[in-house]
Amino acid sequence: MSIERDHHVLVFAPIGRDGPAAAELFRSSGLEAINCRNLSELVSEMTAGVGAVFVAEEGLFGQDTAPLGQWIANQPPWSDLPFVILTSHREQPAVVAWRRNIVALLRNVSLLERPVQPMTLTSAIQSAMRARGRQYEIRALLQAREQTAQQLEKLVVERTRALAEANEQLRLEMNERARVEETLRQAQKIEAIGQLTGGVAHDFNNLLMVISGGLDMLDRQTDPSRRRRLMDGMVQAAQRGASLTRQLLAFSRRQTLRPEPVDVAAQMGGMRELLDRSLRGDVHVEFDFPDNLWPVEVDPGELELVILNLAVNARDAMPNGGTIVVRGENLPELNDEQIAGDFVRLSVVDTGIGMGPEILSRVFEPFFTTKEVGKGSGLGLAQVHGFTTQSRGTVRIRSEIGKGTSIELYLPRSHNVPSRELHLVDLNMTRPTRSNHGRILLVEDDDEVAALVSEMLAQLGYEVTRTASGAAALGALADGRTVDLVFSDIMMPGGMNGVELASEIRRRRSDIPVLLTSGYSETAVHDAQLAGIQILPKPYHLDDLAAALSAVRSEFQPDAEVKRSNRC
């Protein structure tokens, strides 16, 4: 490409006298113009150097524009060659579509419709030339920068060579230090895994013992009251297992939180009854929240579980009774080594026995507990730490033997308006009544789980058809059978997970809502949330299942109504 050719205007109007006339017009305005007789000559002249191109669109009718498109696509990053196209009056759909494709091919296009005044045409070309001139200025700057970079690189190479021998010994020492640190990290990981494995095995073996032993005794017991006690014990064991799993995920910082603006004072006020029912009669709870306390950006349900957890710990630290104070404070422009910005400090303060330095240094370790065997898993404060960290905050603890403990949650301020709806923990589960709700396609590969879920769905009044894989589910839907909802596990064999199945059902049978369930699979759960698919976490109760099915169907109804109205 020649610099002398950078300010030439190329003219391509091979039909009639438009080409020579336009070239002469541009020359009379002080521009260097070259009239190209065919498309290959135009591309050749563009390669030699060009400032702007004037094209009469009829000259491109029926032409192979691939070489022109290739030249445009291969432009360097600084270049975006301007084209001025003179259009015809033809507005047939085929011509309009062809014109749209030509504009997309040439990219930087100005359209002028016939008839056009000479001054208007000249002005458009001059404007295109000025824009091209700025591109050439950018090219010059890039070339200067490249030269400077090459000089700097040469200098760096020379300096690096001079320092290579001196740095070699330092590099060896750094490698040795990294090896020692990695060995230490691996040892710490092994120790942590040992603690987690032992703790989880102990707790879950106890829970499984309650469930398996209870099932064994259930068949041998005819007394209804004793059978009821056995069943209550198994239900409580299952709930403890679900709670332990949630705490483990919180400690590992891998559970899915749904942060939203939360009015802390209102949320905590709604927990008073729950706290009163969870604590002894000689333990009292006081709230201390200023009127101007900021909202925070957290998952409201997890926040309640954290406060409940801390309140129970405070209760256990006050064997002779006492007062628990839940206090909120605004901390504007907080800035320390861990967090920075506007935060709300939410403190849970007790007047209990307190802790010494040796215990304080370990309170956030998983399965570390000072409680008696069976009284605590040692995951409570680890869960608190995981929750606050995932919420972009931190947790700190202050304690003194004989004077009590203060656990402080630093939570990020929210500048959004909180919802008035409170997300309170519901301790009273209501059982839905049996009725005819419709037909459900259940997709579950585990036979035992499928049998249980089928029974639960039948109890809710649904007719159930079960398949064991995504491919089988699509086959069941292929015959157009009546299905009101698909309820599928996320993780399944056969190469298709629940998220992929839901997407395929949306494509094939958009009239069917889908509800997914999962014990834990972070990637798939994340994909489902991005796709707007609701998930029911395992384990769940009958009322949880009923509520989730009702929510999915109620959310789906408006879309179905719209589709029916569009077909009318």
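Is Ser-347 buried or exposed? Ser-347 is buried, at a relative accessible area of 2% (buried: under 20%; exposed: over 50%; partly exposed in between; 1.4 Å probe, protein chains only).

The model is predicted, so local features need pLDDT of at least 70 and side-chain atom pairs count only at pLDDT 80 or more, while totals for chains, interfaces and linings use all residues. Residues are numbered from 1 along each chain as its sequence is written, and side-chain values use heavy atoms, with hydrogens and water left out.

View 1. Strand S10 spans residues 340-349 and contains Ser-347 (strands: DSSP E runs of at least two residues; helices: H or I runs of at least four; both numbered from the N terminus). Beyond four places in sequence, the contacts of Ser-347 include Val-325, Arg-327, Glu-329 and Ser-406 (contact: heavy atoms within 4.5 Å).

**View 2. Largest nonpolar core.** This core has 36 residues, and those touching the most other members are Leu-303, Ile-307, Leu-310, Ile-324, Leu-346 and Leu-409 (core: buried Ala, Val, Leu, Ile, Met, Phe, Trp, Tyr and Cys joined through side-chain atoms within 4.5 Å). Helix H9 (residues 300-316) supplies the largest share, seven residues. Among the residues that Leu-346 touches beyond four places in sequence are Val-264, Phe-289 and Gly-328.

**View 3. Packing of helices H2 and H3.** Helix H2 (residues 39-48) packs on helix H3 (residues 66-73) at about 15 degrees, with axes 9 Å apart (axes: lines fitted to C-alpha atoms over the stretch in contact; angles: 0 to 180 degrees between N-to-C directions). Leu-39, Val-43, Met-46 and Thr-47 of H2 meet Pro-67, Leu-68 and Trp-71 of H3.
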